Amino acid sequence: MAVALKEIYEKTAEFEAFYTGGEIQWTQDGVNFLCQCDDVIKVIDVNTLCNILTIGESGEDKDESDTIYTFKLSHNNESVVTAHKSGLIKLWDRSTGELQKTWRSGHKGAVVKLAFDSEDTNIASGSSDGNVRLWDLVHYTCTSSLKGALGVFSVLKFHPDLTKQMIFGAADDTKIRSWNIKTGKECNIYSGHFSKVTSIQFTSDGEYMVSSGRDRVLILWKVNESKSLRVLPVYECIEAMIILPVSFKIPNFTKKIETEGIYVACAGEKGIVKVWNVQMSRLMFEQSNSLVSPASEDGGLAITHLFFNESRNMISLVTADHNIIMHDFENFNCMKQMIGFTDEVLDIIFIGKEETHIVVATNSRDLKHYSLANMDCKLIKGHTDIVLALAKFPTDKDMFVSSGKDNAVRIWKKYDNSEIICIGVGTRHTASVGSVCTSQTSNKFFCSVSQDNCLKVWTVPSELDTVDQKIKSSHTELAHNMDINCVAVSPNDKIIATGSQDKTAKLWTDELTLLGILKGHRRGIWCVKFSPVDQVVLTSSADSSIKLWSIADLSCLKTFEGHESSVLKIEFLSKGQQILSSGADGLLKMWNIKTSECKMSLDNHEGKVWSLAVNWDESLVITGGSDSKLVTLKDVSVETREKMAKEREELILQEQELVNLLQDKKLIKALKLALRMERPLHVLRIVNEVLKHGSEKLSQTLQEINNTQKETLLRFASEWNTNTKNYHAAQLVFNILAPEIISGKLQVPSLANFIEGALPYTERHFERLTNLLQDLNFISYTVNCMQPHSINS
């Protein structure tokens, strides 16, 4: 049975980055996150993960856009203030995204911190010049300039009690300073930290203040005193800290009378949330189910922001990888994971029996497990460095393999509760493992290739319930002289193919005996694939070409050229009759092998398209690339063919109706239908038929059609006039419609710049009418017959 070829894939969804680092805010109702994303702020719905509003967009070119350095959301969630590279401060309406006010900051350096007072009537801006400026939002004037700090501000915050008239800030000199916002004078200097101060929080009564820093301590202060009350070592660099409300619950802990105090949740380089009683210097809770990897370097970042939302009773943390993870505060179970920025998408596979989920390898050590229904995501931890490649087992769609820069390969198994567990780890490679491929007829083995130039065959353990068991390689071969980029296994598991930077592809037996070498590419080979039905293998290269090879005699059968840069991924479609390819030029192309014709070219990415995944029935394609985008494409070939068939059927019916109308001498209806069908020859026949009854009859007939049809008729008349047989009808049509053109009732696109408003006929209009005739190709028209005294309007 012949397989219908694919005609077109249509983009159905696109998932872009919404948080690329910098400031982030959570609305009081817990419904939205405001995230800094490149040069704009995106408002993300927590429930749907949709970008519902973008703040800061301009109609200017991207190169001329004004970079946002930082922003702040007002306490009432109605306004957003942003600080820009240009030195401007802008105030936006949070609900509509409209710009309300713009003014110059007046700072000598960049504004790096912003703060609203508790009543949202004043804004403070802290700069890299060490100064703080206070702004009155009623008059948009600078009311005070606060000096004394040294370096770039890391923290800036108003005291929550407006009657105290105080603002606090900390800069590079590690001292916390307070100023009186009315007088502008410095009140207190709080010296205690020896490294960057990362957060300042006030107790609910406003009497105490807790500060955190990179010096691995929390310090409790009395607001009116500059001496610290308590210094609490926390044994890690703290980047984010919040004071918990008086009434709260934390897992496995019930507050007792003797444990009343100031409770602080903090997080930093270790990637876990801890709750401390600062007054008693006691650790009350330590997170045990963290999804955040600790910082790879001492003093590095793992968690950058921490929020507590009382309306949802949730704690939310933001990771250095730009992920947002939300936990229920009563049991600390993970409720939602939001992936703000995936960096480069390196590989994608469909998993699950119904292929309702995908696993994505990005420029991260953590795999991302998405549900296609709502793009809800779960992080999969295991690798210790960036994951480079993925491959699933066709015989068990809940099992897949991954490899990475940690020189390791891992086997994963998805269970009924959607939990994905690593059941095997292989660590025999001595360099990054760039590609893996599984057995096609069983789940007994898989292959891997590495920058160590080795090809390995691994045996899958028989016990699939044991976690992280060691797996062994059954065969190893030094396969190429340069980095090996790709590996593939034939449909019958008898042949293995590898492609390398040495410009060759090699064919091996299942015991790694060399069968042959495919030579012909001018640059390194990026991808290799076996046909699902024929004895052929497909390769793609950095020389921008795709080649089809015979396995029998190792000859090149065909070369497909069309990409403008390296072809990174290839897949067979339609039982081996078509090819889908993606390249470094950002294009996705579909080729027919028999005709060597490119049937489709889609430009959905702004960079290299590293990854390409096709589901089992080829109805869905997902691509990912260096632009951090995931694009889903649906096969609409059937719909397209049905639409074209329906259009052909309608056209045949219209043709038949037109013939019937002409036979029945219903010329007006026939004229309208022929104009709608864009049939100039039929229209000419109808006009000539009408002219048999005189030009007066033609004038009456043309009054029956609307302006759009008249404009189409004029366009046809300009075509007829190029033929001496038809110029008479063309000139009569124009002569009848000329007054309407001059008056402006009819707009002919090619004459739009010429036609002015309705004016009485003059010699000047005679000249313009002559030009009109020339524009409409009325070359043979005798101008002498159109002297002003002889023209009938």
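Predicted model: local features only at pLDDT ≥ 70, side-chain atom pairs only at ≥ 80, totals over all residues.
Close-up A. Of the residues lining the second largest cavity, 5 are nonpolar, 4 are polar and none is charged.

**Close-up B. The aromatic pair of Trp 103 and Trp 135.** The model has 15 aromatic pairs. In one of them, Trp 103 and Trp 135 are tilted, with 5.9 Å from centre to centre and 50 degrees between the planes. Trp 103 belongs to strand β9 (residues 99-104) and Trp 135 to strand β12 (residues 132-136), so the pair links distant parts of the chain, 32 residues apart. Both Trp 103 and Trp 135 are buried.

**Close-up C. The aromatic pair of Phe 285 and Phe 332.** The rings of Phe 285 and Phe 332 form a tilted pair, 5.0 Å centre to centre with 50 degrees between the planes. Phe 285 lies in strand β25 (residues 282-286), whereas Phe 332 lies in the loop between β28 (323-328) and β29 (334-339). The two residues are 47 residues apart, and their pair links distant parts of the chain. Phe 285 and Phe 332 are both buried.

**Close-up D. An aromatic cluster, and a charge over a ring.** Phe 168, Tyr 190, Phe 202 and Trp 221 are linked into a cluster by ring pairs. Also shown is Lys 222, whose charged end sits over the ring of Tyr 208, 4.8 Å from the ring centre.

Technical notes: Residues numbered from 1 in each chain as written. Heavy atoms only, no water. Phe/Tyr/Trp six-rings, centres within 6.5 Å; stacked < 30°, edge-to-face > 60°. Helix = DSSP H or I, 4+ residues; strand = E, 2+ residues; numbered from the N terminus. Buried < 20%, exposed > 50% of the residue type's maximum accessible area, 1.4 Å probe, protein only. Lys NZ or Arg CZ within 6 Å of the ring centre and 35° of its normal. Nonpolar A, V, L, I, M, F, W, Y, C, P; charged D, E, K, R; others polar.
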